[in-house]
Every structure is written in structure tokens, then in C-alpha cells.
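I am starting a page on this protein and will note what I look up as I go.

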Amino acid sequence: MEITKFSIDETVVKQQPLTHVLEQNGFVLAGQWDYERATYDLKIESPEKNITYYLRLRGIAIEGDVDKGTALIQLLPPLLGKHYYPHGVEYGDEDFPNNVIDRSERVLSKVEEDLQQFKEEQSQQ
């Protein structure tokens, strides 16, 4: 499910501050990157057996190199997905529990607030 109620998508920010902000909010970059893309995931546990939810923030390098940590990243709309063991994560229009949606929205609101200072720094340069 694409989450569009926040102004996170199309935000342009340097990779290192972005990674710092997202890690402070529980996201993990791990190995989900290549030279042009970065994907940050937040795992949301569920009481349902073999079900885990993931909030995903994706970004595209508009300049620099993600591998070297020097990229300028433009964020895409956040995704909320449901992991079906052992098949993987589905990001379609699933029925998500209200507590998962609420937590995702709280986290995204905090990320949006935390990124504001870096967006302002970008526009002043």
C-alpha cells in the first residue's frame, strides 16, 4: 500500500543525514541498496502467526553514488507491506490492522519532521 498523506516523497536529502534520521526512527538500510537506489525498512511485528509487516522508504540517487555514501537521494512514496512466510513481502492493497497503519503514520510523521531541517539546508545551498 502506497502511503501518500505525507510530504516525504520527492524530498531530496543527502544520503548520510537521511540514513541517520531513518536509523534513529528504527529503519534499517542493511543490504537493500545499489549504486542508484536505497531502500530502508522498518519491521513491524504482528501477533498473527508467520505475518510481519514492513514500512519501506525507497530513494533514487539523483547525483553521487549510494555505494560510496555520497548520493543525493530523492525519496519515493512510502510503502506498507505484509510479509508472507516464506514467499516475501506484498505491497498491494492488503487489509492492514489499524494498529499497523497508526504506527506507520506516527513513524512517518516523525521522519517527516526530522527531515525538515535537512530539506531547508538543501534549499539554502
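The entries below go from the whole chain to a single residue.

**Entry 1, the model.** I note at the outset that this is a predicted model.

**Entry 2, secondary structure.** I looked up the elements and found 2 helices and 6 strands. Reading along the sequence, I get the order β-α-β-β-β-β-β-α. I then checked the radius of gyration, which is 15 Å; the globule rule gives 14 Å for 125 residues, so the protein is as compact as a globular protein of that length.

I took the spans of the C-alpha trace along the principal axes, and they come to about 50 × 25 × 25 Å. I find that 42% of the 125 residues count as buried. For contacts with a separation of 6 or more, I see that 59% are between residues 24 or more positions apart.

I list 13 positive and 23 negative side chains. I also looked up the centres of these two sets, and they lie 4 Å apart.

Which residue other than glycine did I note for a positive phi? I noted glutamate 10, where phi is near 75 degrees. Most residues other than glycine have a negative phi. I place glutamate 10 in the segment before strand 1, which covers 12–14.

Notes. Residues numbered from 1 in each chain as written. Predicted model: local features only at pLDDT ≥ 70, side-chain atom pairs only at ≥ 80, totals over all residues. Heavy atoms only, no water. Helix = DSSP H or I, 4+ residues; strand = E, 2+ residues; numbered from the N terminus. Rg over C-alpha atoms; globule rule 2.2 N^0.38 Å. Buried < 20%, exposed > 50% of the residue type's maximum accessible area, 1.4 Å probe, protein only. Contact = heavy atoms within 4.5 Å. Lys, Arg positive; Asp, Glu negative; His and termini not counted. Charge placed at Lys NZ, Arg CZ, Asp CG, Glu CD.
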